[in-house]
Each structure stands twice: as structure tokens, then as C-alpha cells.
Amino acid sequence: MATDIPHQTTSETTAGGELVRFEKVTKRFGATTVLDRLDFTVSQGKHVTLIGPSGSGKTTILRLLMTLLTPDDGRILVDGQPLDAEVRKKIGMVFQQFNLFPNMRVLRNVTEAPVHVLGLSKDEAVERAKGLLEMVGLGGKLDAYPTQLSGGQQQRVAIARALAMRPQVLLLDEVTSALDPELVAGVLDVLRDIARSTDITMLCVTHEMNFARDISDRVLMFDEGRVIESGPPEQIFGAPEHERTREFLSAVH
Amino acid sequence: MKTWDWSYTGHVLPDLLRGLLVTLEATALGSVLAFLLGLVWALALRTPTRWVRWPVGAVVEFIRNTPLLVQLFFLFYVLPTAGITFSPLTTGVIGLGLHYSTYTAEVYRAGIDGVPVGQWEAATALSLPRRRTWIAVILPQAIRRVVPALGNYVIAMFKDTPMLAAITVLDMLKQAEEAGAESFRYTEPITVVGLLFVLIAYPTSLLMRALERRLGN
């Protein structure tokens with residue numbers, strides 16, 4: 001409770017300030033150090049994209065934020081509070097493999113958590129879900145099962161499902177990597193819309209450099225568990241300073 | 001002497017069918033018990049608390065590795081000495097259910113393990129409570145894929161019900177035995193019992209196989 005801890009920052013005081021903060025975060029898998037005393041912050045409402053070679057620790061950052069992993073050292077603050085199960089409710093995630101619940105219809109995939117986590121009534125949750133599914137272009141698929149949808153449609157449902165929780169931060173983990181090429185554009189268009197029309201903070205791992213250029217306020221270039229370069233997309237894509245960034249960008253283009 | 005007496009067959013058939021009802025009843029109730037208890041074991045064996053996991057694991061292994069008949073005798077002859085008495089049929093149902101629950105536990109375990117890790121991760125990402133994750137996400141998917149395997153254990157249990165004759169349950173075999181003891185003719189009743197088992201078990205196993213194919217897609 002805020003009154004018990006007067007010095008604690010509340011979400012009001014950090015509005016426009018930093019929403020996500022990594023402080024000297026280290027993550028090892030066995031003998032491999034995936035993240036090495038990583039420091040970085042993401043400000044409220046900003047769209048930050050993580051780029052870099054596979055295995056450079058980008059996805060690990062998202063998984064740490066989602067508490068799917070715990071850091072070996074350092075700490076992670078979200079909205080000024082140490083990350084725990086309660087704080088995690090401010091974060092939503094869209095996965096590379098969609099991970100929709102195959103035993104539920106599309107509508108229930110989107111209403112399940114708002115009803116059972118946020119305590120919305122069934123009607124409120126359905127209304128919210130219908131609005132979001134409409135927005136991602138799937139208003140006509142409410143009663144379909146995930147397996148009856150294309151990969152691109154499934155991923156758009158997954159986006160609606162994450163947004164239904166009204167998260168402050170949306171994590172996007174290579175959300176187009178598992179899609180057939182012709183389905184990528186539809187998903188990215190939806191995300192561009194969301195980036196433009198909402199004030200949601202986005203933290204995005206992607207290999208779609210054009211998309212990263214379009215939506216990002218800031219791009220972080222990762223290599224071997226560290227941020228080796230960061231800046232606005234024009235700078236990172238236009239005039240990268242670091243040799244590794246230049247190598248990486250020429251390899252993916 | 002005739003090798004097969006049709007009129008005698010007709011004479012014993014009503015008793016055998018009465019026995020069949022008992023057999024089916026024992027199988028149905030035993031299955032329900034095995035399904036529920038097996039799920040309890042499977043979930044208990046996944047708790048992070050080793051004070052739950054180890055004792056349950058020991059009990060499950062013990063039950064799985066002792067013969068059903070010994071367990072039935074224990075329930076029927078030994079428990080009453082401790083003041084716990086059930087009817088023969090209830091004893092049989094408990095014995096069958098308990099014994100087969102150690103197998104269904106394994107089936108559930110495989111089903112739960114088969115649910116992709118991404119489902120757990122999605123549940124975490126939505127902050128679904130643990131309980132809700134199990135009830136709404138994991139178990140529906142796990143159980144769906146193990147329905148045929150559970151069905152096969154029902155068939156196995158069905159074929160084990162004659163053991164209940166040993167604890168005086170009037171199942172099909174016991175009825176056949178009594179009919180035989182009365183008339184000194186065992187050929188007809190025992191043969192009919194065998195046929196009735198085939199008539200029920202074989203179509204059921206075909207059904208399970210069909211179900212397996214359907215759920216496989």
C-alpha cells in the first residue's frame with residue numbers, strides 16, 4: 001500500500017517517466033552468460049525495439065520481464081516497483097508461436113483472463129473482446145477455434161488477447177517469425193495501428209527491420225548480452241557507429 | 001452325452017446376465033474412482049512440496065507393484081479386523097479403482113507433459129491464477145489427448161472384474177461358477193461368460209482406436 005511506503009513511486013508520478021528499468025541484470029544459462037550486467041530503461045509510451053544476432057539475449061529480456069525467467073543478479077523495476085506476480089499484470093506479451101488456447105474459441109481466448117484475473121463481468125469482457133477482435137480484423141471469427149485460423153489470424157487474436165488485459169507494456173517476441181511471408185504484413189499493420197493510436201509502451205524483438213524503423217522511438221542493438229549501440233531508428237539504421245551493428249544490418253538486409 | 005446343451009444355456013443365461021450387470025456396475029464405478037484418484041495422484045506428484053510428492057509416490061508405486069488379487073483380499077479380509085467393513089461389491093470397486101488409479105495417474109502425467117510449454121507461458125503472461133490455469137487451460141488439453149488411453153484401462157479393468165468373484169461378489173464368473181456347481185455342467189456358463197466379455201470388450205476397444213485416430217487429428 002502506498003501509504004505504508006511513502007517513498008515508493010506510484011504510476012501517476014512516473015507518467016511520462018520510465019516504466020521499465022533493468023539494473024545490472026545478469027542471466028546465465030549454465031556456463032553461458034546471456035545477459036551481462038545489463039542496464040536499460042524504457043519510458044512510458046515509447047516503442048523500443050531490440051535487434052541483434054540470435055542468441056544475443058533479446059528474447060531473454062522479454063522472458064525476464066514476463067517472469068518466465070528470473071535474473072541471476074541485478075533487479076528489474078516496472079513502474080518503480082520490483083517485478084513480481086502483481087506488477088506483471090501491467091505487462092502483456094505476444095509470442096512467436098501465438099500460444100492461443102486451442103481448447104477455447106477465439107472469443108473465450110480473449111475473455112478468459114479479463115474475467116478471471118481482472119474480475120470483469122462476462123458481458124464487459126465480451127464487449128471488450130469483440131471491440132479488440134474487430135480492431136484486429138477478426139470480428140467475424142469469434143466462434144472459431146484457433147486451429148481453424150491461419151497463423152496470421154491466430155497471431156492477431158493473440159494480440160487482442162494481450163490487449164484485453166489493458167497492459168501498460170506490450171512485449172512482442174518475434175511475432176512474425178513463425179508466419180508464412182504473405183501473412184506477415186497483416187500482423188504488422190495491426191501493430192502499427194496500435195503503436196500509432198494508443199499510448200501503450202512497446203518492447204519489441206524483431207527481425208523485421210522495416211517494421212522496427214516504422215514504429216520505434218529507439219532501437220537497441222544487442223550483441224553478446226550487452227547493448228552495444230542505441231539510438232533513434234534513423235541513426236541505428238542510417239548511420240550505425242558500431243562495426244557489429246553494420247555487420248548485423250548488412251546481414252539481415 | 002451332448003457337448004453343448006442349448007436348453008441348459010437358456011436356463012443359466014438370466015443369472016449370467018444378472019452377473020453381467022454387476023460386472024458392468026463394478027467397472028463403471030471402479031473407472032470413476034480410478035479417473036478421479038489418478039488425477040489426484042498425478043497432481044500430487046507435481047506439487048513442489050516433497051512432503052506430498054514422496055509419500056504419494058511411494059503409495060502409488062506400492063499399489064502398482066502388488067497384485068490386484070492380493071489387494072482385494074487385503075481389503076476384504078484384513079480391513080474388517082480393524083473394524084472397517086464394506087459390502088463385497090464396494091470392496092471390489094475400491095480395489096479396482098485404487099489399483100487402476102495408479103495407472104491412470106501415469107496416463108494423466110503423460111497427457112499433462114504433452115501440453116506444450118507455450119500454454120503455461122501464455123497463462124503466465126495473462127497472470128491466470130494457478131488453479132485457473134489447470135482447470136481452464138492444461139487439464140482440458142491433457143485429458144482430451146488421453147481419453148483413448150483411459151478407455152483402454154477401462155477395458156483392462158472390465159476384464160479384471162472376475163477377480164471380484166474371489167471376494168464373493170456375484171459377478172458373471174461367480175454366477176457361472178455357481179450355476180456349474182449346481183448342475184455339474186461348466187461348459188455352457190463359462191463359455192457364455194467368455195463370449196459376453198468378447199462381445200463387450202472388442203467393440204469397445206475398436207471404439208477407442210477410432211477415438212484415438214480422431215483425436216490424433
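Predicted model: local features only at pLDDT ≥ 70, side-chain atom pairs only at ≥ 80, totals over all residues.
Two strands are taken to pair if DSSP finds at least two bridges between them. In general, the strands of a sheet are paired through backbone hydrogen bonds, and the arrangement may be either parallel or antiparallel.

The pairing of S1(A) with S2(A) belongs to an open sheet of 4 strands in chain A, in which the strands follow the order S2-S1-S4-S5 and the pairing is antiparallel. The edges of this sheet are formed by strand S2 (32-43) and strand S5 (81-82) of chain A, each of which pairs on one side only. Helix H2 (residues 58-65) of chain A packs on the sheet, where it touches S1, S2 and strand S4 (73-78) of chain A, and the direction of this helix makes about 115° with that of S1(A).

With regard to annotation, the UniProt record, which is an unreviewed entry, assigns "domain: ABC transporter" to residues 20-249 of chain A. In the model, the end C-alpha atoms of residues 20-249 of chain A lie 26 Å apart, and this span consists of 37% helix and 27% strand.

Chain B, by comparison, contains 8 helices and 0 strands, and its pattern, when read along the sequence, is α-α-α-α-α-α-α-α. The C-alpha trace of chain B spans about 75 × 50 × 25 Å along its principal axes. Chain B has 217 residues, of which 33% count as buried. When the contacts in chain B with a separation of 6 or more are considered, 80% of them are accounted for by residues 24 or more positions apart.

The contact between the two chains takes 19 residues from chain A and 15 residues from chain B. On the side of chain B that touches chain A, the elements that give two or more residues are helix H5 (117-125) and helix H6 (130-160) of chain B. Of the elements on this side, H5(B) gives the most, with 6 residues. When the side of chain B that touches chain A is sorted by class, 8 residues are nonpolar, 5 are polar and 2 are charged.

Terms used: Residues numbered from 1 in each chain as written. Chains lettered and ligands numbered in written order. Contact = placed C-beta atoms within 7 Å. Axes fitted to C-alpha atoms, helices over the stretch in contact; angles between N-to-C directions. UniProt positions renumbered as here; feature names shortened; annotations may be inferred. Buried ≥ 20, exposed ≤ 12 C-beta atoms within 10 Å, placed from the backbone. Nonpolar A, V, L, I, M, F, W, Y, C, P; charged D, E, K, R; others polar.
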